[in-house]
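Please bring the protein up on your screens, and we can walk through it together.

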Amino acid sequence: MIPSPERLDAALAAAAAAPDPRATLAALLGARHQAARARAFRRLEAGAGGVEVARALSAAADDMIGQLWRFTTGVLFPAPNPTEAERLAVLAVGGYGRGVLAPFSDLDLLFLRPWKTTARTESVVEFMLYVLWDLGLKVGSAVRSVDESLSLARQDMTIRTALLEARPLVGDAALAATLLARFRREVARSDPRPFIAAKLAERDQRHQKAGAVRYKVEPNVKDGKGGLRDLNTLFWIGRGLAPERDHEFETASADSGADSGDRVPEGLLTPRERRTFAFAFDFLWRVRAHLHLAAGRAAETLSFDLQPEVARRMGWRGRGDEPAVERFMRRYFLVARDVGALTRAISAKLEARQQKTALGLSRLLPRRARPLGVEGFTAEAGRLSVTGPEVFEDDPVRLLELFVTADAEDLDLHPDAYAAVIRTLPKVTPALRRDPRAAAAFLHVLAHGQNPYRVLTLMNETGLLGRFLPEWGRIVGQTQFNMYHAYTVDEHTLQAIRVIADIAAGRLTDDHPLASEIVHRIADREALFLAMLLHDVGKGGERGQLEDGAIAARRACERLGVDARRIEQVVWLVRHHLALSDHAQKRDVSDPATVRAFAELVGDPERLRLLLVLTVADIRAVGPGVWNSWKGRLMRDLYAQVEALFRGESVTRADPLAEHPGLLEVAQASGAAVEVRAPDARTRGPADADESAHVTEVAVAARDRPGLFADLAEALAAAGADVAGARVATTDDGWALDVFLIQDGAGAPWGQAEARRLPGLKAALEAAARGRRPSRVPEPPPLSRRRAAFEVRPVVMIDTETSPRATVIEVSGADRPGLLADLARTLTEHEVSVRSAHIAGFGERAVDSFYVTDAEGRKLTSEATLDRLQTALEAVLEDGPALPAGPPLIRARASARDVSELKRRGRRRPAVSSVAEAG
């Protein structure tokens, strides 16, 4: 309840008479301010708009500062007739100047004086700031004269931006008006181009810091690409162009007189774009307000632990197999796409007005329209434009031809062409989708273009790609709630297409020598690119990603008029695009049975080549650092053996000790031997020269015995090492080689930060190899809130058919420190011997495969034994670390839609879930 003015005046008077006026005043203003904020939060929870709530929070701050000013200047330091030097005004600047605040935003204040400061001015400013700090508020403040403010604004674009948003709060209104009038006159007379260029450069730097891709799955709502700052930048540019035209910056808040920043001057956006701007601005402000409240602080990144709670607060509900958090994030990315389109439109229009120097090579091009020899299309200011919106009306195939021309001429789209494409989207009918000319144009861009990633991204952002290819439309903006995938499904796919194009152009020879060689031996380039484009369109389908993807791929190819033989190739690739990754990482590629089974699945060398290039691109496009040399080596080994089979050569079991010559001799002489290879010391060929040599490799040779693998895994856990990958091999004469790839808790190669720990680890592993277990294994730390947000369903699947010599057990569950040691110890306790182990991690999920036998070296076949073992392993997966302390955490099911190829006890199971490697 807001006290009446009379009661408030009485309370302020009582505060002045209190023993500690500052503390009494802070308590009074704090209660009043919190009550106003609580009313704003209730409006937010009731579904009020984001800008409405942001204005309410700003108004609450205005009221608090107004009362603080009254008390400070009227009671503590009165000056009924201030001298000229004692004049003082307080202005809101920055976001607060726009009259919008998030729940935990800073208050940016300018204390304005006419010239040099006075003792009274210092006392007023000091007292006000101390009270604001007492209230726990973050305040950014400056005390300047009018001339100082103008001088700094000429030198510093950040200060100039702040003054563009300034509005008077309290104090000498004439003094504030003098500053704003003089500042706006200076801005109006100055060349706007340096300011515009500075703002766009600042935007680019901000994007680089927050993540240069708009569709990262943990976006920064404030500073990320497609976030609020991008819209603010458009507002700043508008203000810089028209600083005195306040009628174009009307606000819905008559009380504050501020412009919230959701308007830009006439001429820069069409009416439709203005509506899009207003919706995006309000949506992002609503997200930001909920994000702050969910985090209890000024959080700007929609991190995994906060996404489910923000989705719940905003009223999202799950639908079918798509959880609420994924539906919410999809909407977020669609809005971010719209923000990108708005940024493009204004930036290009400013270039067309020659108010901003065009970036890139286009700056060297003439500003007048240049004919391209294609009717209806011209090059204007370094961008592809159209002679008029009627270009597409009579022949919508021209929509596709526009992008063929953009690729051929290496041109970006002019905003006029961009807008014309969007306006013409209703012309994309079933007839156009089946038009042979349209299909030919689309396939040319996809499979034969100079830069398919750039052109397909343009098509995606205009909406044409999803409209022309409905199968694509259903994955636009789609997210997967897990820590493995760094991008939305559509952005991941476009990134994968870029990787293939880079491989074909020879730009990734060092990272992927095999793929770079065989890509030129692929006979059907269109099948490769079509399969890549369509490989994930089945995600979220009722029949599972692979089956629904194959059905959708067939439908899309038939509509495009692709010939029957190519259709079968594309459908096979989509259905089996996870097969190479699954077999290489979850199976023993040194086992001839694995090689023969995979060769039988693939069928011929052409499919093998297609599948390798497809898999490399798919994994690399999942996110930074996902591809590494270990994965590359496993896949190259499997490829080489299958290729040899196709040539008619025989495949024999590889010597497991060949990669570590001499290690067995040392072990035979001393009982155990350990070799540690840090990344900088490891002998690496060109294939390992990629950025992701991010592990330390540890090899242990010892006499095989029950529990050896468990003891080694336990020693690694005791040292705090995270196992990123492992292979176990056993020779026929009873010696074992265990190879582990390990990292520290920060994801860096273990020992890189503290090399002095490597000798200690080596000694611990030698002791473990001889049967001396570590005296103490530390308890795993509580999960971080970010990781704890995922509910990971544990799965144990058992296959008795894949290997003729062993039973294959695949376990999939929440990853945690010491998990491998616990699983290995459980296998040992059930008198199971590990003959081969294949360890992989996919974000929050671990997927570990073990080739096991009984103590006599025989395959496990007893149903009762397997049931007991499965129950025990599931218990290990369920027994994770404690949830983090703090506020209740809203958890959501981790997305795991990829289908495992594993059979269970010889019988095909329904599509349940371990996460497969590829995206």
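Let me start with a question: in what order do the 4 strands of the open sheet stand? The order is β3-β2-β1-β4, and the pairing is mixed. Before I go on, please keep in mind that this is a predicted model.

Now look at the edges of that sheet. β3, residues 139-145, and β4, residues 167-171, each have a single partner strand, so one side of each is left without a neighbour in the sheet. If you ignore direction, neighbouring strands here are turned by 25 degrees against each other on average.

Let's zoom in on one pairing. Strand β2, residues 107-113, runs parallel to β3, and 7 bridges join the two. If you want one example to click on, take Leu110, whose bridge partner in β3 is Ala142. There is also a helix packed on the sheet: α6, residues 146-155, touches β2 and β3. The direction of α6 makes about 110 degrees with that of β3.

Let me step back to the whole protein for a moment. There are 919 residues, and 58% of them count as buried. The secondary structure comes to 35 helices and 18 strands. Now take the contacts between residues at least 6 apart in sequence: 73% of those join residues at least 24 apart.

Next, the inside. In soluble globular proteins, nonpolar side chains tend to be buried together. Which residues touch the most other members of the largest nonpolar core? They are Leu402 and Phe442, in a core of 122 residues. Helix α28, residues 605-620, gives the most to this core, with 9 residues. Apart from that core lies another one, of 49 residues, including Val728, Ala768, Val811 and Leu866.

Leaving out residues up to four places away in sequence, Leu402 touches Phe377, Leu384, Val386, Phe392, Leu413, Ala417 and Val421. Please remember Phe377 from that list, as we meet this residue again: the charged end of Arg398 sits over the ring of Phe377, 4.6 Å from the ring centre.

Strand β6 covers residues 377-380 and strand β7 covers residues 383-386; they run antiparallel, joined by 4 bridges. Across this pairing, Thr378 stands opposite Ser385 in β7. What lies between the strands of this hairpin? There are 2 residues, and Ala381 takes a positive phi near 55 degrees.

One is Asp410, at about 55 degrees, although Asp410 is not a glycine. You will find Asp410 in the loop between α14, residues 397-409, and β8, residues 412-413. Is Asp410 buried or exposed? With a relative accessible area of 51%, Asp410 is exposed, because the cut-off is over 50%. The other is Glu831, also not a glycine, with a phi near 55 degrees. Glu831 sits in the loop between α34, residues 819-829, and β16, residues 832-842, and at 62% relative accessibility it counts as exposed.

Last stop: the aromatic rings. How many aromatic pairs does a search of the whole structure find? The answer is 14. A pair of aromatic rings is described by the distance of the centres and the angle of the planes. Take Phe77 and Phe127, which are edge-to-face, with 6.5 Å from centre to centre and 70 degrees between the planes. Phe77 lies in the loop between α3 (50-76) and β1 (89-92), while Phe127 is in helix α5 (residues 119-134), so this pair ties together parts that are 50 residues apart in sequence. Phe77 is partly exposed, at 27% relative accessible area, whereas Phe127 is buried, at 11%. Together with Phe71, these two form one aromatic cluster.

For another pair, go to Tyr332 and Phe333. Their ring centres are 5.5 Å apart and their planes are at 90 degrees, so this pair is edge-to-face. Both Tyr332 and Phe333 are buried.

That's my tour, and I'm happy to take questions!

Methods
Residues are numbered from 1 along each chain as its sequence is written. This is a predicted model: local features need pLDDT of at least 70, side-chain atom pairs count only at pLDDT 80 or more; totals for chains, interfaces and linings use all residues. Side-chain values use heavy atoms; hydrogens and water are left out. A nonpolar core is a set of buried Ala, Val, Leu, Ile, Met, Phe, Trp, Tyr and Cys residues joined through side-chain atoms within 4.5 Å. Buried means under 20% relative accessible area, exposed over 50%, partly exposed in between (1.4 Å probe, protein chains only). Contact means heavy atoms within 4.5 Å. Two strands pair if DSSP finds at least two bridges between them. Axes are lines fitted to C-alpha atoms, for helices over the stretch in contact, and angles run from 0 to 180 degrees between N-to-C directions. Rings of Phe, Tyr and Trp (its six-membered ring) pair if their centres lie within 6.5 Å; planes under 30 degrees apart count as stacked, over 60 as edge-to-face and the rest as tilted. A charge sits over a ring if NZ of Lys or CZ of Arg is within 6 Å of the ring centre and within 35 degrees of the ring normal.
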